[in-house]
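Here are a few notes from my look through this one. Have the structure open while you read.

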Amino acid sequence: MSLLEVAGLTKHFGGVVANREVSFSVAPGELVGVIGPNGAGKSTLFDLITGFQRPDAGVVRLDGHDVTRRRPDEISRRGVARTFQKLRPFAGMTALENVMVGAFQKTADVAEAREVARRALASVGLGERADAHAQGLSTGQRKRLELARALATSPRLLLLDEVTGGVDQATIPGLVRLVRELHAGGLALVVIEHNMRVIMEISQRIVALQLGQVIADAPPAEIVRDRRVIDAYLGESWR
Amino acid sequence: MSRTRLAVGLVLLAAAVLFPALVTLPYPRDVLIRIFLFATLAQAWNILAGYCGQISLGHAIFFGTGAYAAGMFVAKDIASPWVAMVVGAVIAVALSQVIGAPVFRLRGHYFAIATIAVGEIVHILAVNWELIGAARGLYIPIKRPDSLVNFQFHQSKAVYYYIVLGLLLLGLGVTRLIERSRLGYYFRAVREEQDAAASLGVAVARTKRMAFAISAALTAMCGTFYAQYVLFIDPESVLPLSLSILICLVAVLGGVGTLWGPLIGAAVLIPLGEATRIYVGGTGKALDLVIYGALIMVVSVAQPAGLVGIARRLRRAA
């Protein structure tokens, strides 16, 4: 059975169609990339899956259970974690405290949450910065912080909205390695990414969106040969 | 907690406990009682606004609820004011949930403005509600002898002092507990970024309602104390917008989202209010309010973290 199944998901904002009949699924432990030009509806898709937006039509299923109109916190407690395209750290809290909020999902014990948070911070390479305030961290560090925060909830499925967006070139390999490690550890991931080299490298399958519609859903090797994807997004240089 | 801090805390607590034995004049005792009362009110507000980030400018509603619960219970001879304190707190919690359901749909400034509106509605209702004395207010009948059961002390203010000190310690204790628990982390997460909090499994609406309930209950208990202390309540004294704003100012001056901010704010603002009223209040030019307002402006512009923020900065500089 699929871990995540999205069927016929449609969302309008006034006259704009953000998602139209979007369907795809993610198996346990799978890493699926989502690509598409700006405005293709990638982040809206994440919002629909995680309950931040309500679809006009369609269904979201987790382990076969309909979670379409569940609140974001309920979906999180069902094992789906996410990061945001626009970073949203708890600015007035330390890195450790940020991650503890995630860890509290599984325990009410402060000492235990602190321990889980320390491990999560160490796993993303931020162990040294545990006591720094989130607002004092660089963009790359904040990305890692959000990742640690999401991981601290012990998710089964992680939705990453632009892993490498806005970070300097030197930081990218580390982030990519991190995603690979998470995947190797058995976590299922859906990753939105504009850096084609990265997404082609890490994904087992890629879903391509254009104007809110799925135009391709295939392994990277096929995606780069798909005429519609090339025309809509990749350009000829990828052939 | 470091040893120095613990020592300072114990000395201050001992001084607070011994104060009525050392100072028997009613006026200084009254000032201390008001400081503690407003420190507790500001602490209650701080739990919702400072920690959870929901700025309420309608907290007088809950103060009035506690005050009127006492007024009605004693005037109609229903039960002891202590029972009224509990009932008032329960009603305040219920009210906070009814108000919170629609108002928490709003964020930021819109939430604050909505609480002003709700506060004014309750104020106007009370002014016109005959059962609770309408605009005339309620006299709380004098009960003799002075006793804890009657919650009235006409010979000395000392017992009032200890009761309000107890309320203050309750407020500080509850805040400390929250700070150190999962709930405290959730409050701050909701304050900082509620969508991110929700994505981590925090039930945002429930968390806000929880903060509102705790805050309302504590505020109502202060209202009951006030009614028993002053023995006269009317909508103008326990339900006005100015009271809601004063509660907020005390916390803002001291430092929102901090344990000691409300007490420090009250310790500065209440005596300052008294001093300006005594020395320049009679000029007819409202000079006392001007000084008062100027101070608030200086603090909010120079150091939005309040006096606690200034103290922290000085300590870092030292």
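1. A quick word on terms before the helix pair: axes here are lines fitted to C-alpha atoms, for helices over the stretch in contact, and angles run from 0 to 180 degrees between N-to-C directions. Keep in mind too that this is a predicted model.

2. On to the pair itself. In chain A, helix 3 (residues 95–103) packs against helix 5 (residues 139–151) at an angle of about 30 degrees, and their axes are 7 Å apart. The crossing of helix 3 and helix 5 of chain A is right-handed.

3. Who makes that contact? From helix 3 of chain A come A:Ala95, A:Asn98, A:Val99, A:Val101 and A:Gly102, while helix 5 of chain A brings A:Leu145, A:Ala148, A:Arg149 and A:Ala150. Sorted by class, this contact has 6 nonpolar, 2 polar and 1 charged residues.

4. Helix 3 of chain A turns up again where the chains meet. There, 23 residues of chain A are in contact with 19 residues of chain B. On the side of chain A that touches chain B, helix 2 (72–77) and helix 3 of chain A each supply at least two residues. That side of chain A has 11 nonpolar, 6 polar and 6 charged residues.

5. Now chain A as a whole: it has 9 helices and 10 strands. Its radius of gyration is 18 Å, close to the 18 Å that the globule rule gives for 239 residues, so chain A is as compact as a globular protein of that length. The C-alpha atoms of chain A fill a box of roughly 50 × 40 × 35 Å along the principal axes.

6. Last, the inside of chain A. Of its 239 residues, 45% count as buried. Among contacts in chain A with a separation of 6 or more, 63% come from residues 24 or more positions apart.

Definitions and conventions: Residues numbered from 1 in each chain as written. Chains lettered and ligands numbered in written order. Predicted model: local features only at pLDDT ≥ 70, side-chain atom pairs only at ≥ 80, totals over all residues. Helix = DSSP H or I, 4+ residues; strand = E, 2+ residues; numbered from the N terminus. Left-handed = near helix turned anticlockwise from the far one by under 90°. Contact = placed C-beta atoms within 7 Å. Nonpolar A, V, L, I, M, F, W, Y, C, P; charged D, E, K, R; others polar. Rg over C-alpha atoms; globule rule 2.2 N^0.38 Å. Buried ≥ 20, exposed ≤ 12 C-beta atoms within 10 Å, placed from the backbone.
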